[in-house]
Amino acid sequence: MFSIILSTASKYLLPLLLIFSFFLLLRGHNEPGGGFVGGLVAAAAYALYFIANGVEEAKKLLKAEPIKIIAAGLLVALVSTLPALLAGRDFMSGLWLEPQFPVIGKVGTPLLFDAGVFLLVLGIAVKIIFSLAEEDKR
Amino acid sequence: MFNLLLVGFIASAAAPFLYKPFRNYFGWISASFPLYLFISFLSRYREIAGGRVIRESVSWFPSLGINLTFLLDGLSLTFVLIITLIGTVVFLYAGAYMKGHAHTDRFYLYIGLFMTSMVGLVLCDNMIALFVFWELTSVTSYLLIGFNHHLETSRKAALQALLVTGGGGLALLAGLLLLAGISQSFEISSLYHLHAVVIQSPVYAGIVILVLIGAFSKSAQFPFHFWLPNAMEAPTPVSAYLHSATMVKAGIYLIARLNHILGGTALWQDTLVVIGTLTMLTGAILAFTQMDLKKLLAYSTLSVLGTLTLLLGIGSRLAIKAFFIYLVAHSLYKGTLFLVAGTLDHETGTRDVALLGGLKRKLPLTMLTAALASFSMMGIIPLVGFIGKETVYASILELQTWGPFLLAAAVVANGLIVMVTMLVGFKPFWGSAQATPKPPHEAPLKMWLGPALLAILGLLMGLCPNALIGGLLDRSALSILSEEMGLVIKLWHGFNFVLLLSLVTLLLGFLFYALRGKYLPAAQKVQLSPIAKPSAWYEAGLNGMLSLAGLQTRILQNGYLRYYIITILVTTMALALYPLFGAGTPAVHWADFSITLYEAAILLVMAISTFMVITSDSRLKAIVAIGVVGFMMGINFIIHSAPDLALTTFAIETLTVILFVLVLYKLPKFIRLSGTANRVRDALIATAVGVFMTLMVLHVTAGDLASELKTYFAANSLPLGKGRNVVNVILVDFRAIDTLGEITVLAVAAIGVFALLKLRLDRKEK
């Protein structure tokens, strides 16, 4: 089932949804949002694109293997715990940089950790959707 | 010492990366590392022999009393020198022996890790650290026995060794914990002056039994002996190193180390004597029918390990002296002979004694090495093995009650060992030449140099024992017996009864060798009933465990999702029911109870949707209805000002519906499969769960909901967590370690999903 309207719309919706998911990730520390829900929204964006254009196109767009995104997410989350250890603080204490960055806001290890959660959730959701879709094709 | 171990682990980890670029010289490169350790420890020889004990401590878990405490005294130095010296030879040897094998890089990783762990094991004074190294040697031994993992026999032998030694390790841990309970310290040295307290303790018998099970399983004592011959599946350098010279002596080491804490009682000494004698005889007798060079050596190793245990059991000064000399002598000659067996295998393509003969011209250097080591193993003057055997006999002669029986047993066992030596050390080289699978030729330098050096060392130690090992003897004895020995080692004791016994042993050995040809067919036909074979006990235990696992898997993991859900729900209710009833009826404050119009509307929609899910005749309809329930829940969260929860719920519900739709395509046409009885059962369970949840919520809300956490998080979110969104700050800062655990679980689950789906895809492709 191919719908030209959905296909065209998804091309514009995908970047918007991705920007929205980053927005959720970054504002999460002060307003509703966060890495988990951000990752879900990003996954939903790819899911929409896949429904409109098929799994091959969606995979091409994603470029990276979902399983690698999962691994990268876990790695980022783990790496975010290291600065505190190196600084001699307790494991996983949040460390923040002093200056505020434009757009991003405050930057610190919790944000990095949240980014890891974001990637991991995105990877898992996309992995499951793509796997089921490929299974479906055969 | 800690630094040396650290170097060891790092060097082992680096070995696989260094192997590829330096493939041709890797034997030499890798051998330099144990050699370095050997020299560093040898430089302490004078100090230790002079009576010093070197201690070193590195904090590990100071609050638990677990530290990396190392103790270098005579006993540990002896073991370390054996481990590193044989290690040097084996590493060099493996450079040629393992050449061309696809995974030589891995081999060096495993064996390097093993050597470092083994050195750590004999240096540790802290029981927990000792246990960790103990288990590390078991694990590396598992990896090395199963090195040729494409062979089923290898895998089986590796698992067997791991289960037997690992199980023994658990017993050892329990014993050590009991022991530590007495002194309130994990340091072995802290118990040295508590001997009287320990043997009076009510748990003393338990400690002895548990510790000895650990030591016996590691050192392949009867009835745990069966794993050692099977472990010969490992590449020969491994057999020479782990399964004759070092790892199997770890149990013996532990017994020696704990001897003057636990020893001196009838329980300890007699157990050692009985088990030692049994092992000595079992090993020697079972060797009679073996045809494989390595198996022959393995069974004779069993016999020697039994003798060492027996000597510790006798426990007299002379016995400890014999223990020490025999230990050193055995490591030297057995390591050499194993490597010679490996050379024969490598150069001729067979290890079958019957197929080997007349190789003396083709492998002259190997022949000389083998002969020298064999003389030591047979106990021929002037090699160190001769002194070893003489002192063993002398210490048995001192005994009053057990003496004659033990002496007979020792002479027969040693006679059989002489026979084994003839088969391994001489038969392949002398007599008529036979056709071998590969045309034989002399081994490369790397493969004869090391064994030859070990054999020559055995000769030198026999010629001037006092200069080479005498200094350590007193110090080792001090560690075992806690008394000064003042004994010297002599090669020649004059013409006495002991010398006569040595001659009798040799003659007996020649006799066994001569008779072997005639009685071999008959002996090989002897089948022991399974009850008499500990290996059959092991098999029965393992099979029983597997069928038990199969049984419970069939019951609990039957593959039907509906039964999983039923099991989970019913179990939860059953477990929670008791405390729930115990708490009495919840005090419900009806006065506070109010419901807004919005909430009532949401409830109504949820109820209608649920009804639709149950009654619908199309899957799509049911899924959409479930989605409606989820979204209503999300709206409910918004009303109760939990926007984060609502946001996440919406995202999850959306994705769930997408997933369901994807699965939907796959499913067969919707038909009603479950009968009325099933539906009634499901309805009952569902109702029960509903009632249960309601009760739970009522109980929870009846209690005091004001918790300190709430105020703490609300007050500290901004100052400590630098964020105004309390929920998110909890997730990524206050309780971030929980989140880390959860995302790890998610990642593992994703790998599971990947594997399951991949498995099905692969099957379809085939």
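B:Gln184 is exposed, with 8 other C-beta atoms within 10 Å. Phi of B:Gln184 is near 60°, a positive value in a residue other than glycine. The residue sits in the loop between helix 7 (152-183) and helix 8 (195-200) of chain B. Helices here are DSSP runs of H or I with at least four residues, strands are runs of E with at least two, and both are numbered from the N terminus.

The model is predicted: local features need pLDDT of at least 70, side-chain atom pairs count only at pLDDT 80 or more, and totals for chains, interfaces and linings use all residues. Residues are numbered from 1 along each chain as its sequence is written, while chains are lettered from A and ligands numbered from 1 in the order in which they are written.

Now turn to B:Ala220. Its phi is positive too, about 50°, although it is not a glycine. Is B:Ala220 buried or exposed? B:Ala220 counts as buried, with 27 C-beta neighbours inside 10 Å. Most residues other than glycine have a negative phi, and most peptide bonds are trans.

The loop that holds B:Ala220 runs between helix 9 and helix 10 of chain B. B:Pro223 lies in the loop between helix 9 (204-218) and helix 10 (227-230). The peptide bond from B:Phe222 to B:Pro223 is cis, with omega near 5°. Another cis bond leads from B:Ile381 to B:Pro382, with omega near 10°. B:Pro382 is placed in the loop between helix 16 (364-378) and helix 17 (384-397) of chain B.

Next come the strands. Strand 1 (residues 54-61) and strand 2 (residues 66-72) of chain B run antiparallel, joined by seven bridges. Two strands pair if DSSP finds at least two bridges between them. B:Val58 has B:Leu68 in strand 2 as its bridge partner. Four residues lie between the strands of this hairpin, where B:Gly65 takes a positive phi near 75°.

Finally, the whole chain. Chain B has 30 helices and two strands. Its C-alpha atoms fill a box of roughly 110 × 60 × 55 Å, taken along the principal axes. Of the 766 residues in chain B, 42% are buried.

Technical notes:
Buried ≥ 20, exposed ≤ 12 C-beta atoms within 10 Å, placed from the backbone.
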